[in-house]
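Dear colleague,

Please find below the structure that I am handing over to you. A short account of the findings comes after it.

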Amino acid sequence: MGAAVLSELATEIVIPVCSVIGIAFSLIQWLLVSRVKLTSERNASPNTKKNGFGDYLIEEEEGINDHGVVTKCAEIQNAISEGATSFLFTEYQYVGIFMIAFAILIFVFLGSVEGFSTKNQPCTYDKEKTCKPALATAVFSTVSFLLGAVTSVVSGFLGMKIATYANARTTLEARKGVGKAFIVAFRSGAVMGFLLAANGLLVLYIAINLFKLYYGDDWEGLFEAITGYGLGGSSMALFGRVGGGIYTKAADVGADLVGKVERNIPEDDPRNPAVIADNVGDNVGDIAGMGSDLFGSYAESSCAALVVASISSFGVNHEFTAMLYPLLISSVGILVCLITTLFATDFFEIKAVKEIEPALKKQLIISTVLMTVGIALVTWISVPSSFTIFNFGAQKAVKNWQLFLCVCVGLWAGLIIGFVTEYYTSNAYSPVQDVADSCRTGAATNVIFGLALGYKSVIIPIFAIAISIFVSFSFAAMYGIAVAALGMLSTIATGLAIDAYGPISDNAGGIAEMVGMSHRIRERTDALDAAGNTTAAIGKGFAIGSAALVSLALFGAFVSRAAISTVDVLTPKVFIGLIVGAMLPYWFSAMTMKSVGSAALKMVEEVRRQFNTIPGLMEGHAKPDYATCVKISTDASIKEMIPPGALVMLTPLIVGIFFGVETLAGVLAGALVSGVQIAISASNTGGAWDNAKKYIEAGASEHARTLGPKGSDPHKAAVIGDTVGDPLKDTSGPSLNILIKLMAVESLVFAPFFATHGGLLFKIF
């Protein structure tokens, strides 16, 4: 078999050290961002030289009062930060109640498997050995669920705080040049990316070591209890994504329809009453929601890999270094992303608008290439040259180079999905330009073209996912799929940095418009924002691709844990599950879309009312009532996030208890297959419509100028397409990947209960 090169002690040191390096790096980036002051420095010499260029401000050319601009920026930033903080606190109060209730449910259900007995029991997979009682699993699963939930909430909250800290600073730096603004926005994204990746890894590592004190040699029970960590992470992410998504899109649709289409005022105009709610929404939906979502994916893929490994030779022979292979991959990922980030912030400087998107794409390529080397190194030093992996009851012999290929296939599939997403959503390529062109004949053709683009954009990502599943399963069974998902998420710090960069740039543009900065600054922030739209779509592509792999790995672990020998589609029990499972993403999307629609309806009515009843609002003499719009968004999202959340959380419980594990296996497979397709097409359709609108507004090419300017009929048609796409790309699409993962991880956590007490209806008849 051959032992691992890396000793157990070295493993115990490497993982926490890499986590601490990640946290330290994020704090350094934050300090660099905080150097941009939100107070006007009157004594600073106007022509300080840096890199041989004069950092003079556009305002100084145009003679605008610098002090007034900075003060206004600080005020708006404060309003956005307060709005986002108060919304998240309200959301977390509701979610906190759910969290405690669900924790009690986990304890009661899992404890009742053996009637709350405290005696040691025969192990599930090896009856000759004795394992800790089910009551212990119940207690520790509950603890790890709460740990995952709290880490997820903290990840989202910190991300939001950093984004609202950086938005006005990005606006102020845009006066010096597009490169300076890019660095502030990107560094702030990196703060979030590294904090989240390092915290997720550190908490999981500490939890494993603490649980080990009780479990000792019973690794099967230990890692089964750890799966609660993934469940906690994803259940919080679901509410964060749905709640934040409804908030941001209600405000966005309301602001766009009345402001741009009816009143013909620019985006983010301070006269628009919904403008603050719109900017708050970017932070609670795209940043806090995305942070929790990717943390959930990361936690679940780690848990899926650990569960399968614990019943393979790593776990049976107690090879601790090989057992923690998933955590070692993530540790190296943090170091790789750290080097990659320096390429964007320190090694190369952006001097022109056209360099932004290539710089972000380079981040993906550099991190993937470096990570391939990192994975080879980790696999060589931490995994024996040959070992066995649990494969539905049998043990499959695997070589370490095969495991290396499993991780790499996931990593590179992620890059392919990222680039395909970019091709379909960036306005530099023909698909989005065709959508923009279709606006000549009105909104209807724009909607038709956009939908077609979304459906078409599913093809290559699905092939990429299919190939990676086939290769990784052939080499290392379900463990291969779990580590392929980890490979896709190994560069999570860079992925999150380029993802969080988008909403920060969007906010920066909004602040520039509200403060009344010159159109040249707005052009710079618009360019940053357009690139941010594409990177957000790439981030969603990664999240969906990894969700597909993660949920398949969890599905495999569930099938093993529930002792199902085969999932036979021809048996009616399984087939009814399959067809109902495939319907669930549609039901879920219907709920979230309707929620955005009804909240947007209230918002449109309120914005119209203010324009019609506040004298002097259109002329700019009176201030709108921003607070009412913020309240509409908050109330709607808190109320509306409960039903979709309940649908996802209760489905596995109801199916498992009443119909049993085989039907539940069908439901999980059905939801996975249909959810991935809808999620990819919804995200890309929405992203394409948004960038088609930006393409017309920017007027950067001859073709775009024939469709513009702002306020023309094609532009209005593009705005309507964009508003239709908003809930698709920012509410339904990104929430669906959580639906797929969450149902799978929940089924895995409750598998012992379903296997013992499930299928009540079939037992009666």
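The paragraphs below go from the chain as a whole to one lysine.

Please note that this is a predicted model. The secondary structure of the chain consists of 24 helices and six strands.

As to overall dimensions, the C-alpha trace extends over about 85 × 60 × 45 Å along its principal axes. Among contacts with a separation of 6 or more, 85% are between residues 24 or more positions apart.

The surface and the charges were also examined. The chain has an accessible surface of about 26300 Å², and carbon and sulfur atoms contribute 67% of that area. There are 51 positive and 61 negative charges, and their mean positions lie 1 Å apart.

One residue was looked at individually. Lys176 sits in the loop that links helix H4 (134-173) and helix H5 (178-215). How far from His757 is Lys176 in space and in sequence? The C-alpha atoms of Lys176 and His757 are 66 Å apart, and 581 residues separate the two in sequence.

With kind regards

Conventions: Residues are numbered from 1 along each chain as its sequence is written. This is a predicted model: local features need pLDDT of at least 70, side-chain atom pairs count only at pLDDT 80 or more; totals for chains, interfaces and linings use all residues. Side-chain values use heavy atoms; hydrogens and water are left out. Helices (H or I, at least four residues) and strands (E, at least two) are DSSP runs, numbered from the N terminus. Contact means heavy atoms within 4.5 Å. Accessible areas come from the Shrake-Rupley method with a 1.4 Å probe; for residues, only the protein chains shown count as cover. Lys and Arg count as positive and Asp and Glu as negative; His and the chain ends are not counted. The place of a charge is taken as NZ of Lys, CZ of Arg, CG of Asp or CD of Glu.
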